[in-house]
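Dear colleague,

I am passing this structure on to you, and below it you will find my notes. Please read them with the model open beside you.

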Amino acid sequence: MDELPIELNLITLNCWGLLHLSQHRAERLTAIGRELAAADPPPHIVALQECWTQEDYRSIRRETRFVLPFGKFYHSGVFGGGLAILSRWPIEESSMVRYPLNGRPTAFFRGDWFVGKGVACARIRYGSGDRDIVEVFNTHTHAIYEHPPDKTDSYAVQRLAQSWEISKLVRGAAERGHLAIALGDFNDVPMSLSYRMLTAHAPIKDTWRVLNPDSSLGSAVHELERARRRPIPSAAFNLAENGVTSNSAYNTWAWPKRDQKALRSGKQPMIIPPDMPDPRGKRIDYIFFSPQISTTTNPLLKGLNQARASHDVSEPSTKTKGWVVKDVRVGMLSRHPELGCSLSDHFSVEATLLLHTSDAPLAPSRPHSSPPTPTSPKRPGSAHSHLSISSHKNTDHAASLLALEQGTYLQSPTGSEYRVGSRLELRASYDAQLRESTRCRRGEGLPCTTYDEVLAQIHSYVLRERTQRQWRSLHFFLWVLVVVACYAAVWFVKPYPGVAFAFLVLSSLGFLAGALDGLMALVFFGSEVRALKEFEWEIMNAKATASGAHGLRDSGARCDEVEEEKVW
């Protein structure tokens with residue numbers, strides 16, 4: 001095994017490799033492999049989404065075989081999950097965990113259910129120690145097809161359940177003492193409910209918001225971002241500060257059809273000026289990480305400090321080590337050298353983590369008489385120095401999220417508190433990152449009002465699915481009657497073979513349609529309602545934990561009861 005790394009370079013990219021649907025698929029994915037092989041700094045772990053075919057995966061592996069010699073293509077669903085993980089180090093263990101709630105087969109034109117979306121998990125060892133393990137969780141959650149406020153997002157519960165499932169996987173890896181990395185296309189903007197569901201229940205941090213806490217909460221037309229009353233950002237600003245990966249003005253696949261056609265014809269060079277307004281660019285691709293903090297104490301220095309205590313002279317005897325964000329950026333900005341188009345309809349997110357050791361005391365001691373209270377950083381104001389962190393980060397996380405939900409967004413700085421220049425400032429900023437990471441090791445949970453909102457969405461969705469099941473069951477029995485009637489009618493129209501044939505065709509088609517609806521009602525909707533019951537119980541239990549009412553809920557309670565039950 002090579003010398004243990006102190007830096008870890010990560011890349012996530014949605015390749016847009018839909019078979020028969022994505023334009024120039026093979027050429028683009030081959031070019032993506034070349035870009036990964038030539039990336040600077042060289043990547044250690046790469047997560048790919050929408051890499052649907054083995055042919056495209058092998059093409060990327062051929063291009064990256066010297067930089068990323070190990071990899072895994074994950075199989076799931078009818079057409080495959082489109083997930084792959086590439087690594088510099090061997091993959092010790094892997095699994096594909098499918099989401100219990102994963103779209104609807106009736107929406108066959110969208111395909112989410114048929115690809116069997118889930119989490120591609122890989123355990124990667126980069127050293128011989130027990131803690132020298134990276135657990136990677138690569139995912140592509142359900143897409144948003146109905147955009148509020150014009151339409152109700154009927155898949156919101158699906159994404160909430162998927163964020164909940166991946167939060168449990170990440171939390172388990174962090175509790176095992178491993179470095180946990182969750183990355184991929186999460187199909188939702190920062191501070192959305194599904195985003196908070198993940199970050200509030202797993203001890204992870206969003207690499208982009210660590211270095212860019214003032215970044216946008218969505219596109220300029222999104223309701224969260226409009227509430228901040230900020231000017232429409234430029235294309236360059238969106239890349240550098242907001243981390244836009246989707247619908248960027250720089251991405252040729254987000255251009256109007258006439259501009260794409262002009263680009264293909266080569267009649268005019270399509271150059272986007274940096275100051276061009278970019279109202280629809282948004283960040284939906286993420287790299288989350290758990291800091292993997294450990295503390296060691298030197299007994300010799302501890303005894304020496306006790307002896308020096310009377311003279312007020314001491315040296316730090318405790319060292320805290322953990323992963324911090326050194327750099328994060330948007331990548332894969334270049335276009336195909338021959339086609340002139342962007343390599344994908346998404347840009348990549350690329351992050352560099354640094355294993356930092358701090359001598360400074362990170363967690364101040366508390367009096368034994370008062371129990372510890374969880375705290376989380378409040379969004380700092382611009383009047384504060386970027387190194388004066390402890391003075392304004394004592395706001396409870398739940399209260400901050402509640403303020404956001406009520407439309408009171410906390411004041412934001414003009415620049416990042418961690419983007420500093422000198423070596424001394426860099427060390428202080430890394431210490432500050434570790435200090436924030438030590439505040440909560442499990443995730444702080446959500447306000448009780450937010451759990452109520454999730455439960456209301458679950459109840460509404462369950463009511464919809466139960467109604468769908470009833471209608472499809474009724475459809476099945478109606479077609480049974482039609483089939484029986486058609487077979488009976490054949491006996492009375494024997495002198496008219498054409499009519500008899502029409503009745504047989506109608507009965508056959510009716511039997512097929514009725515059988516499909518019957519199977520949907522019996523198998524799909526039944527299993528989905530049961531998955532919703534599990535999700536509801538877990539959310540009720542999390543709410544009970546947040547409110548202090550620890551205990552179990554009656555396992556026989558109905559999922560679609562609107563009246564809230566208390567957990568004791």
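**Aromatic rings**

One aromatic cluster is formed by Phe79, Trp113, Phe114, Phe524 and Phe525. This is a predicted model, in which local features need pLDDT of at least 70 and side-chain atom pairs count only at pLDDT 80 or more, while totals for chains, interfaces and linings use all residues. Residues are numbered from 1 along each chain as its sequence is written, and side-chain values use heavy atoms, with hydrogens and water left out.

A search of the whole structure finds 14 aromatic pairs, where rings of Phe, Tyr and Trp (its six-membered ring) pair if their centres lie within 6.5 Å, and planes under 30 degrees apart count as stacked, over 60 as edge-to-face and the rest as tilted. Among them is the stacked pair of Tyr286 and Phe288, at 5.4 Å centre to centre and with 20° between the planes. Tyr286 is buried, with a relative accessible area of 1%, and Phe288 is buried with a relative accessible area of 1%; buried means under 20% relative accessible area, exposed over 50%, and partly exposed in between, for a 1.4 Å probe and protein chains only. The rings of Phe524 and Phe525 have centres 5.0 Å apart and planes at 70°, so this pair is edge-to-face, and both Phe524 and Phe525 are buried.

**Sheet and helix**

Helices (H or I, at least four residues) and strands (E, at least two) are DSSP runs, numbered from the N terminus. An open sheet of six strands runs in the order β5-β6-β7-β8-β10-β9, with mixed pairing, where two strands pair if DSSP finds at least two bridges between them. Its edge strands, each pairing on one side only, are β5 (91-98) and β9 (205-206). Within the sheet, β6 (residues 118-125) and β7 (residues 133-140) pair in the antiparallel sense over seven bridges, and Arg123 stands opposite Glu135 in β7.

Helix α3 (residues 156-175) has 20 residues and reaches 29 Å from its first C-alpha to its last, close to the 28 Å expected at 1.5 Å a residue, a span taken as 1.5 Å times one less than the number of residues. Because 15 of the 20 residues of α3 are buried, the helix is largely enclosed by the rest of the structure. It lies across β5, β6, β7 and β8 (179-185), running at about 175° to β7; axes are lines fitted to C-alpha atoms, for helices over the stretch in contact (heavy atoms within 4.5 Å), and angles run from 0 to 180 degrees between N-to-C directions. After α3 comes Gly177, whose phi is positive, near 85°.

With best wishes
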